[in-house]
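Welcome, and thanks for taking a look at this one. Please open the structure below and keep it in view as you read.

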Amino acid sequence: MTEEALEATTWLTVPDLVEMLGVTPSRVRRLIDDRQLVARRVDGVLKVPDSFLRDGEPVHELRGTVIVLGDAGFSDDEAVEWLVSVDDSLQTTPIDALRNGRKTEVRRVAQALA
């Protein structure tokens, strides 16, 4: 997991998500609480990587993967970092693999991290 991956990430704030998703700030926070999105504090501000959205919605495969990572003991910060960092066994970032239909493979790798 690398700091470079975090620096290369395009981050969305809660107001950005409100605008993009067309929902209220409380709905954005509920998406985060319900694990449909996962966020971390960047410079003290709660932010979500833009890659966690697809077609104006949270990536559907993200929620189950975040739950698996949580079960493996990952904090939200660690989960975000893992999802946006290239994983050697996947040969891409886990979020890109999820976006490309490789949910089972990503979750298998996540479970192995426990």
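Here is a short tour of the core and the salt bridges. Please bear in mind that this is a predicted model.

**The nonpolar core**
- The largest nonpolar core holds 36 residues, and Leu 17, Leu 37, Phe 52, Leu 62, Trp 82 and Leu 83 are those with the most contacts inside it.
- Among the elements that give two or more residues to this core are helix H1 (3-8), strand E1 (11-13), H4 and helix H7 (103-112).
- H5 supplies the largest share of this core, with 5 residues.
- Leu 83 touches residues including Val 38, Phe 52, Leu 62, Val 66, Pro 94 and Leu 98, leaving aside those up to four places away in sequence.

**A look at Val 66**
- You will find Val 66 in helix H4 (residues 62-71), where its relative accessible area of 1% makes Val 66 buried.
- Beyond residues up to four places away in sequence, Val 66 touches Arg 35, Val 38 and Leu 83.

**Salt bridges**
- The whole structure has 4 salt bridges.
- One of them joins the side chains of Asp 76 and Arg 35 (2.6 Å, N to O).
- Asp 76 sits in helix H5 and Arg 35 in the loop between H3 and strand E2 (40-42), so this pair ties together parts 41 residues apart in sequence.
- Asp 76 is partly exposed, at 27% relative accessible area.
- Arg 40 and Glu 81 also meet through their side chains in a salt bridge (3.9 Å, N to O), and both residues are buried.
- Another salt bridge pairs the side chains of Arg 54 and Glu 61 (2.8 Å, N to O); Arg 54 is partly exposed, at 23% relative accessibility.

Conventions: Residues are numbered from 1 along each chain as its sequence is written. This is a predicted model: local features need pLDDT of at least 70, side-chain atom pairs count only at pLDDT 80 or more; totals for chains, interfaces and linings use all residues. Side-chain values use heavy atoms; hydrogens and water are left out. Helices (H or I, at least four residues) and strands (E, at least two) are DSSP runs, numbered from the N terminus. Buried means under 20% relative accessible area, exposed over 50%, partly exposed in between (1.4 Å probe, protein chains only). Contact means heavy atoms within 4.5 Å. A nonpolar core is a set of buried Ala, Val, Leu, Ile, Met, Phe, Trp, Tyr and Cys residues joined through side-chain atoms within 4.5 Å.
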